[in-house]
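Subject: Structure for your review

Dear colleague,

Please find the structure below, together with its sequence.

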Amino acid sequence: MSDRRQFLKAAGLMTAAAAFWHPRNLFAANTAKKTKVATNKLDLQWENFMGKMKYTFTISGSSRTTTPIVISRITWNGYAGYGEAAMPPYLGETQASVHEFLKKVAENVLPKFDNPFRIEDIMVEVDKLATNNTAAKAAVDIALHDLVGNIIGQPWWKIWGFNPEDAPHTCYTIGYDASDDVVNEKIEEASWTKILKVKLGMTEKEDKRMINLIRAKTNTVICIDANQGWKDKHYALDMVNWLAERNVNMIEQPMPKLLIEETAWLTERSPLPIIADEACQRLTDIPNLKGVYHGINIKLMKCTGMREAREMVSLANALHMKIMVGCMTETSVAISAAAQIAPKVEWADLDGNYLIANDCFDGMKLVDGRITLEDKPGLGLTKKPGIISL
Ligand code: MG
């Protein structure tokens, strides 16, 4: 038995090891950011991870209790950086499609580069491999940023020149539930947050029931996400006006993304900011959203990662559009990556790591609900022991 096999057997990790692929002989799982093996080769590895949610997650389209995730790692010259692809099923990517994509990156892109500082050129090549696969691309981008930040010894908010004190409070999602008792329990559990987020877009009765349950207990400001659920512009405006009287501060994706003229009509009349989420995937979408929405929601899993997210911040600023940063159900890896742009956004929805029960990393912390960016290299990640092998 090889040393590696003996190590894995001793650590009880044979089963977990079978779930991750790596191109060549890899040193045993390590926790240190500085690894023992020094090589100029950019080496990409990855491993499946199933995020288990604290509550059944229901939005206007679906319900689920787990989120498939792939954790990635890129090593170079004795350093390591972690990344992540998180894949809510409605977005079309799977762990298998991420594996296939990352294998292409490992075999066809990374061998062309001898250092990770060329994030720009590497990500242009990665992006060209396929039209979509945005979460898989983010797994590469985030790992490269963590790696470069670890090498430099600085966090990305600092490299980008942002003031961490500008980072806002995150909202925290109260998911839909048919039971009043469960909703009340969720409201109580969220008492720490300064901003609640509520997913609407169901029937008028259910939408108003959720808001009324919350307002019976607290006047905490609420962000609304209708997830394209309101199909008629007049109905949508009635709902927005009703919500505006109940200490709601913004509405995310009220109508289907293809109803562009109707959304522009609503935005023109809305007393609350209307923000594009499903309608805004990548940088190139933004110019078409000017005049249709007041702002955009940037999510790393949609936009291929931190590099493009930073560009989206600049473009939205140039177009005088408002900015929100959001997330899928993600571990602290992707949440800490997204948090790096938090100083430049008006609203943050970065509660993904708080919604899962088995986070495999420590990273960005909320202090009284506020995003707190620490002066730690890269994404400021610490791997929790015993959860993943990578
Ligand atoms: Mg949304």
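The model is a predicted one, in which local features need pLDDT of at least 70 and side-chain atom pairs count only at pLDDT 80 or more, while totals for chains, interfaces and linings use all residues. Residues are numbered from 1 along each chain as its sequence is written, and side-chain values use heavy atoms, with hydrogens and water left out.

Salt bridges around Lys197

The side chains of Asp349 and Lys197 meet in a salt bridge, at 2.5 Å from N to O. The term denotes a side-chain nitrogen of Lys or Arg within 4 Å of a carboxyl oxygen of Asp or Glu. This pair links distant parts of the chain, 152 residues apart: Lys197 is in strand β6, and Asp349 is in the loop between β12 (347-348) and β13 (361-362). Helices (H or I, at least four residues) and strands (E, at least two) are DSSP runs, numbered from the N terminus.

Lys197 also forms a salt bridge with Asp225 (3.7 Å, N to O). Here strand β7, which holds Asp225, is linked to strand β6 (residues 195-199), which holds Lys197, across 28 residues. Both Asp225 and Lys197 are buried. A network of salt bridges links Lys197, Lys199, Asp225, Glu252 and Asp349.

The magnesium site

Which residues coordinate the magnesium ion? They are Asp225 (OD), Glu252 (OE) and Asp277 (OD), at 2.1 Å. Donors are N, O and S atoms within 2.8 Å of the metal (3.2 Å for Na, K and Ca); water is not among the atoms, so sites may look incomplete. Along the chain, the donors follow the spacing D-x26-E-x24-D. Asp225 lies in strand β7 (residues 221-225) and Asp277 in the loop between β9 (274-276) and α11 (286-289), so this pair ties together parts that are 52 residues apart in sequence. Asp225 has a relative accessible area of 0%, and Asp277 counts as buried at 3%.

A salt bridge elsewhere

The whole structure contains 24 salt bridges. One of them joins Lys158 to Asp375, with the closest N and O atoms 2.9 Å apart. Lys158 lies in helix α6 (residues 156-159) and Asp375 in the loop between β15 (370-372) and β16 (382-383), so the two tie together parts that are 217 residues apart in sequence. Lys158 is partly exposed, at 36% relative accessibility, whereas Asp375 is exposed, at 52%.

Nonpolar cores

A nonpolar core is a set of buried Ala, Val, Leu, Ile, Met, Phe, Trp, Tyr and Cys residues joined through side-chain atoms within 4.5 Å. The largest has 115 residues, of which Ile71, Ile142, Ile224, Trp230, Leu350 and Ile371 touch the most other members. Helix α5 (residues 134-152) gives the most to this core, with 10 residues. Domain 1 (2-154) and domain 2 (162-383) both give residues to it, so the core lies between them; the domain bounds come from an automatic or database domain assignment. A second, separate core of 8 residues includes Cys171, Ile275, Met324 and Trp347.

Backbone

Gln253, in the loop between β8 (248-252) and α10 (260-269), has a positive phi near 40° although it is not glycine. Gln253 is buried, at 0% relative accessible area.

With kind regards

Technical notes. Buried < 20%, exposed > 50% of the residue type's maximum accessible area, 1.4 Å probe, protein only.
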